[in-house]
Amino acid sequence: MDILLIGGASQMMNALIDKFNKNGHRVFLLTGQRKSQASYKHVFEKYNFSYDDDSIQEIFKSIRPDITVFTGSYDSNFDWGKVQQESVRYMAGLTNILSAYSLVGSGRFVYLSSQEVYGDAYVYNVSETEAISPKGSRALAIAQGESLCGNYRNAQGLDTLILRFDGIYSVPKRGKRQDDICFKMCMEAVKYGRISANSRNTFSMLYINDAVELAYKAMIAKTPAQPLYHISSMEEITETQLAEAICQSMGEGIDVIDNPVGENHRLVLDGQTYQEEYGQKIFTGYEAGAGKVADFVKRFSNSFPEAYDAGTVTADRVEKLKQNAKRIFGKLLPFLENLICFIPFFMLNNRAVGSEYFDRVDFFLLYVLLFAIVHGQQQAVFSSLLSVAGYCFRQMYTRSGFDILLDHNTYVWVIQLFILGMVVGYMRDQLQHIRKDDEEEIRYLREKLEDVSNINDSNVRMKRSFEAQIVNQKDSLGKIYEITSSLDKYSSQEVLFYASQVLAKLMDSSDVAIYLVANQNYARLFSATSPEARKLGNSIEYTAMEEMYAELKEEHVYINKHMNDKLPLMASAVFEGKRMQLIFMIWGLPWQRMTLAEANRLTIIGRLIQNAVLRANRYLDSLKDQRYMKGTNLLAEDAFALLVKAFFDAKEQGLTECTLLRIVAGDGSPERAAAALGQNLRQTDYMGMLKDGGLYVLLSNTDTEHAGVVIERFKAFGYKSHPVRIAGYKNHAGKELEA
């Protein structure tokens, strides 16, 4: 499925990404920020757009997600310290997202809510039918988000699903603040050596991994019976009990102070409806979960104080004061500039009075026009007032103030000054507004162009990725068939050796082993690609590996979910009819790839390899009369030489171990020696003749050191034997065969 996750960086987001990725889904992420710095390993494509961006609709059209998850109550993009402002932004963003989702009209929309929508106390577990009672702007915004999702579902028939979690807590990241009560108590214990708790407060909590595991079942369900589910452990705990659990993990020196203030307050969500429909198992209890959080906070306590220390609050206030002072100074700067520039213009005006050349120049008018052009109407008025004051002050050198007031020329000049200043200033302000509007529109269009370009680039990347998956990816049936078909170029004796290489390549693992089933209980190692793949030994009692055998006998792929180091990470068996013939074992796999998709791929690969192996076996069986000397179990010279060459070629490439023994038959014939020794050979060993007329035994998966046991066994029957190098038979590199 294609999954679109919407929300900022958080523990909830990380857990959702890991869960969807582990189950083989393709994850897309809408961060909600224009410049998101968070990085994610398992996200197919990340979109850095705000929730109110017009490009959200294009994103939905490009992805067409099967499931859209809005993290809602757990979205870190909202600073709820500014509650009213964030409430408006929260609802506007969610409305835009739902509108874009409704226009696409496909997939399921999941809204994550929390127990915060219930602000009252309840003596019983709160079911989904209980009317919500949010207290506070944040809880109200979350509740309104639920209502909005419900309205879209009822009015447009959209598939929306609301999941209310009950008291989620988690192990934090270093230095990252969390709001859950468990983390707050741990921080209080570290800072003050005590934990204040109220035994009258009763609630329920859910570890984040359990919460995501339970939510996943409802998210991917084909047809959920309800549009709203409560996800809760339904195990109540008091603040005092939680504090005591934290103290046990913190160690000695932490005191619990019980402050039973106020009335009893109990809030536990009832998850019975979810449990009946999907089943429920809680893996992390309160003691284990609180212990994880407490251990982490105790180990990395030095990284957290900046989020809670009072010194940080003081530093923030100082920084705000600095910013306010800078802003005020920026506002006052044009007035100071005006006052300073007034002085030289006043002096120039005084010098121009009575001058033969400058008497007709009005420096005050030039001064007003200058500031009107540069700073606009506001500074034009201020400079006009200063000019009027300067004019009157200069006139009072030769006239009285009363004469100035009675002179109509004064008023004409003042009106002229103000009209010119205000008109020019107004025109300048209008031009500035037009310019800013144009710049804003250009910036908006550039952002839109950039957004469209980013979305287009993303679509191109996805298109190329999908093309690569169809044409070249290792999951492609065509690619798998192409690689497995390469086995056809090997001789019938070599197929099984190189099948392990093909399997390793297709499963992207360097540790692969193929076991040949000898009888109903034991299997013999035939080929392996690494020492790690040989760790079970050359012979195994596969029926004793009950966990693996129970899956293989049902023709299922075994996945080592419990990470048992005595078993392979994945295994599959090849059958002919009802009889198990081969066992494929894979050791080198990351746990993220131990999924149903990988199991299906191993099944397909196994069937294709099986075809090549069965063809080889049937071919050899058809030539049985030609390959064996008549009336004996001895391979003829040509057949045995090819088999020896195949084994030693595989040995050189590290796929198997083998030893070639020459039997000293003495005066007896090779046929007689073969009859005597044949009963002491394993099913996977071979006996034959080479062109020098000698009798040889090829021991598979046996090095020279372990061949000593077989040599002693042959000696007990009166036949000497020893490892040999055979001249004249060369491997594919042109080297002589040697044991």
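In this predicted model, Ser204 stands opposite Glu236 of strand β12. The pair belongs to two strands that run antiparallel: β9, residues 201-204, and β12 are paired over 3 bridges. Strands of a sheet pair through backbone hydrogen bonds, either parallel or antiparallel. The sheet around this pair is open and has 3 strands, in the order β12-β9-β14, with mixed pairing. Strands β12 (236-238) and β14 (265-267) form its edges. Each has a single partner strand, so one side of each is left without a neighbour in the sheet. On average, neighbouring strands of the sheet are turned by 20° against each other, direction ignored. Helix α7, residues 239-250, packs on this sheet. Helix α7 touches β9 and β12, and its direction makes about 80° with that of β12.

Strand β15 (residues 512-517) pairs with β16 in the antiparallel sense, over 5 bridges. A hairpin of 4 residues joins β15 to β16. Across this pairing, Val517 stands opposite Ala523 in β16. Strand β16 also pairs with β17 (residues 539-541); these two run antiparallel and are joined by 3 bridges. Here the bridge partner of Arg524 is Ser539 in β17. Strand β16 itself, residues 522-528, is mostly covered, with 6 of its 7 residues buried. In a regular strand the side chains alternate between the two faces of the sheet.

Helix α1 covers residues 11-22. At 1.5 Å a residue, its 12 residues should span 16 Å. The C-alpha atoms at its ends are 16 Å apart, which agrees with that expectation. The buried residues of α1 are Met12, Met13, Asn14, Ala15, Leu16, Ile17, Lys19 and Phe20. An α-helix has 3.6 residues a turn, so residues three or four places apart point the same way. After α1 comes Gly24, whose phi is positive, near 80°.

The largest nonpolar core holds 40 residues. Leu30, Phe60, Phe70, Tyr90, Phe109 and Tyr111 touch the most other members. Several elements supply at least two residues each: β1 (2-6), β2 (26-30), α2 (56-63), α3 (83-104), β5 (108-114) and α4 (137-156). Helix α3 gives the most, with 8 residues. Leu30 shows how such a core member is surrounded. Leaving aside neighbours within four places in sequence, Leu30 is in contact with Leu4, Leu5, Ile6, Gly7, Tyr47, Phe49, Tyr51, Ile56 and Ile59. A second, separate core has 35 residues, among them Leu5, Leu29, Val69 and Leu161.

Pro224 is found in the loop between α6 (208-220) and β11 (228-231). Beyond its neighbours within four places in sequence, Pro224 is in contact with Arg108, Leu161, Ala218, Tyr229, Glu277 and Tyr278. Pro224 and Leu161 are 63 residues apart along the chain, and their C-alpha atoms are separated by 8.4 Å.

The cysteines were then checked for disulfides. A disulfide is a covalent bond between the sulfur atoms of two cysteines. With a cut-off of 2.5 Å between sulfur atoms, the count comes to 0 disulfides. Cys182 is in no disulfide; the nearest cysteine sulfur, that of Cys186, is 4.5 Å away. Cys182 is buried, with a relative accessible area of 0%. For Cys247, the closest cysteine sulfur is also in Cys186, but at 9.2 Å, too far for a bond. Cys247 counts as buried as well, at 12% relative accessibility.

Buried residues make up 45% of the 739 residues. Among contacts between residues at least 6 apart in sequence, 69% join residues at least 24 apart.

Definitions and conventions:
Residues numbered from 1 in each chain as written. Predicted model: local features only at pLDDT ≥ 70, side-chain atom pairs only at ≥ 80, totals over all residues. Heavy atoms only, no water. Expected span 1.5 Å × (residues − 1). Buried < 20%, exposed > 50% of the residue type's maximum accessible area, 1.4 Å probe, protein only. Pairing = 2+ DSSP bridges. Axes fitted to C-alpha atoms, helices over the stretch in contact; angles between N-to-C directions. Contact = heavy atoms within 4.5 Å. Core = buried A, V, L, I, M, F, W, Y, C linked by side-chain atoms within 4.5 Å.
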